[in-house]
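Please read the report below with the sequence and the 3D view open beside it.

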Amino acid sequence: MRKKVVLITGASGEVGQALIEAIGQSGSAELLTFDLNPLPEQLRQYVVRHVQGDLLDTILLGRLVTEYEIDTIYHLAAMLSKSSEFRPDVAHQVNVSGTLGLLRLASEQSQWRESSIQFLFPSSIAVYGMPEIAQSKSLYNKVREWEWNQPRTMYGCNKLYCENLGVYYSQYLRQMASSQPVMVDFRCVRFPGLISAVTVPTGGTSDFAPEMLHAAAQGQNYLCWAREDTRIPFMAMPDAARAMLQLAHAPKAALSRRVYNVTSFSPGAQEFANLVQEAFPNCHVTFQPDNKRQAILDSWPADVDDSAARTDWGWMPEYNLFDAFQSYLLPAIKARYR
Ligand code: AKB
């Protein structure tokens, strides 16, 4: 008999680690994790098995479904916005082909089990592309899910397309060759930049804020590659894990959409630096914008409207900017680098 598991891809990444810890501590599911990299030692206690491998390895994935009955997939594996600009073709393979392969796996699993498979997908504010006029961010504050879906990065294009693939697989796929219905329950949150006290991001464009904080906590100065007046939405990492779990547990009938914005706070880069320097007075932050990365940041909205998530499934971040610093980031990051 195959063991029933929840599959998490991209498990060794930032969101993956936070999610494993949240699910592991609740003891609510048996976890099968998947990543190119090993799983950090302290998380091994929470998982049935960690598979180190490439998501594009269809034989490896095929073997896993012969051993495990997968009833939920958190598909977190992706190349982020900055890395994707170095090799857009590779990013497309990983982000799009990887997601398509897993959606296909989910649809097959649902037919074998004759019941629904949940597919949780983290999208991003990178799906937005704001118009290139100086005031666009203040003119179009709190962007709604269907507005400005004109991404300017390969990563943003990939995420937007994969959202649509998820909707297609769950609502419109007609199995011409089979009488068995496909039951993929695709649910997606569009994340803002995420800030963890425990892990340091790589490969993203929102990384300037967490990088600044982690540099300061280690007694280093920080040369910020974003402009002082850059403003994009952010969220504390525990809230990101909570958002995914809350959406997964929401009754289907309550959901009016499959893709939801979620956010928490939108500080300017200078405002964020002031908070960091207040907490770590020995750290000096200087600004030296990198034109290419700045153009990406300028194309992302200053804030997003997450009222649909709040109404449909009770989304509410635990941390605003002040609480994130006082109750989560500072205590945890000081303990980390002590
Ligand atoms: C990135 O910067 O690429 C990510 C994101 C906003 O999705 N953190």
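The report takes up the pocket and the cavity, then the salt bridges, the cysteines, a surface patch and one glycine.

This is a predicted model, in which local features need pLDDT of at least 70 and side-chain atom pairs count only at pLDDT 80 or more, while totals for chains, interfaces and linings use all residues. Residues are numbered from 1 along each chain as its sequence is written, and side-chain values use heavy atoms, with hydrogens and water left out.

**Pocket and cavity**

Both kinds of space are found on a 1 Å grid over the protein atoms alone: a cavity is a set of points where a 1.4 Å probe fits but cannot get out, a pocket is an open set with protein on both sides within 12 Å along at least five of seven lines, and lining residues have an atom within 4 Å of a point. Grid points are joined across faces, edges and corners, and a volume is the space filled by probe spheres set on the points. Helices (H or I, at least four residues) and strands (E, at least two) are DSSP runs, numbered from the N terminus.

The largest pocket has a volume of about 1100 Å³. Its lining is made of 44 residues, and those that lie nearest the centre are Gly13, Leu76, Ala78, Met79 and Leu80. At least two lining residues come from each of helix H1 (14–26), strand S2 (31–35), helix H3 (81–86), strand S5, helix H6 (154–172) and strand S7 (193–195), and H1 gives the largest share, with 4 residues.

How many cavities of 30 Å³ or more does a search of the whole structure find? The search finds 1, and the volume of the largest cavity is about 50 Å³. Among the residues that line this cavity are His75, Ala78, Asn95, Phe121, Tyr155 and Cys162. Helix H4 (88–113) and H6 each supply at least two residues of the cavity lining, with the largest share, 4 residues, coming from H6.

**Salt bridges**

Side chains of opposite charge can pair when their charged atoms come close. Here a salt bridge is a side-chain nitrogen of Lys or Arg within 4 Å of a carboxyl oxygen of Asp or Glu, and a search of the whole structure finds 18 of them.

| Salt bridge | N to O distance |
|---|---|
| Arg49 and Glu67 | 2.9 Å |
| Glu163 and Arg190 | 2.8 Å |
| Arg227 and Asp298 | 3.2 Å |

For accessibility, buried means under 20% relative accessible area, exposed over 50%, and partly exposed in between (1.4 Å probe, protein chains only).

The side chains of Arg49 and Glu67 meet in a salt bridge; because Arg49 lies in strand S3 (residues 47–52) and Glu67 in helix H2 (residues 58–67), the pair ties together parts that are 18 residues apart in sequence. Arg49 is partly exposed at 30% relative accessibility, and Glu67 is partly exposed at 37%.

Glu163 and Arg190 also form a salt bridge, which links distant parts of the chain, with Glu163 in helix H6 and Arg190 in strand S6 (residues 184–191), 27 residues apart. Both Glu163 and Arg190 are buried.

In the salt bridge between Arg227 and Asp298, Arg227 lies in the loop between strand S8 (222–224) and strand S9 (234–236) and Asp298 in helix H10 (residues 291–299), so the pair ties together parts that are 71 residues apart in sequence. Arg227 is partly exposed, with a relative accessible area of 30%, and Asp298 is partly exposed at 28%.

**Cysteines**

With a disulfide taken as a pair of cysteine sulfur atoms within 2.5 Å, a search of the whole structure finds 0. The sulfur of Cys157 is too far for a bond, because the closest cysteine sulfur, in Cys162, is 11 Å away. Cys283 is likewise in no disulfide, with the nearest cysteine sulfur, that of Cys224, 11 Å away. Cys157 is partly exposed at 37% relative accessibility, whereas Cys283 is buried at 5%.

**A surface patch and a glycine**

Ile133, Leu139 and Tyr140 make a nonpolar surface patch of about 270 Å². Patches are made of residues with over 30% relative accessible area and no salt bridge, like charges being joined within 9 Å and nonpolar side chains (Val, Leu, Ile, Met, Phe, Trp, Tyr) within 5 Å; accessible areas come from the Shrake-Rupley method with a 1.4 Å probe, and for residues only the protein chains shown count as cover. Ile133 is found in the loop between strand S5 (117–124) and helix H5 (136–139), and is partly exposed, with a relative accessible area of 41%.

Gly203 lies in the loop between S7 and helix H7 (208–217) and is buried, with a relative accessible area of 9%. Gly203 and Glu85 are 118 residues apart in sequence, and their C-alpha atoms are 9.7 Å apart in space.
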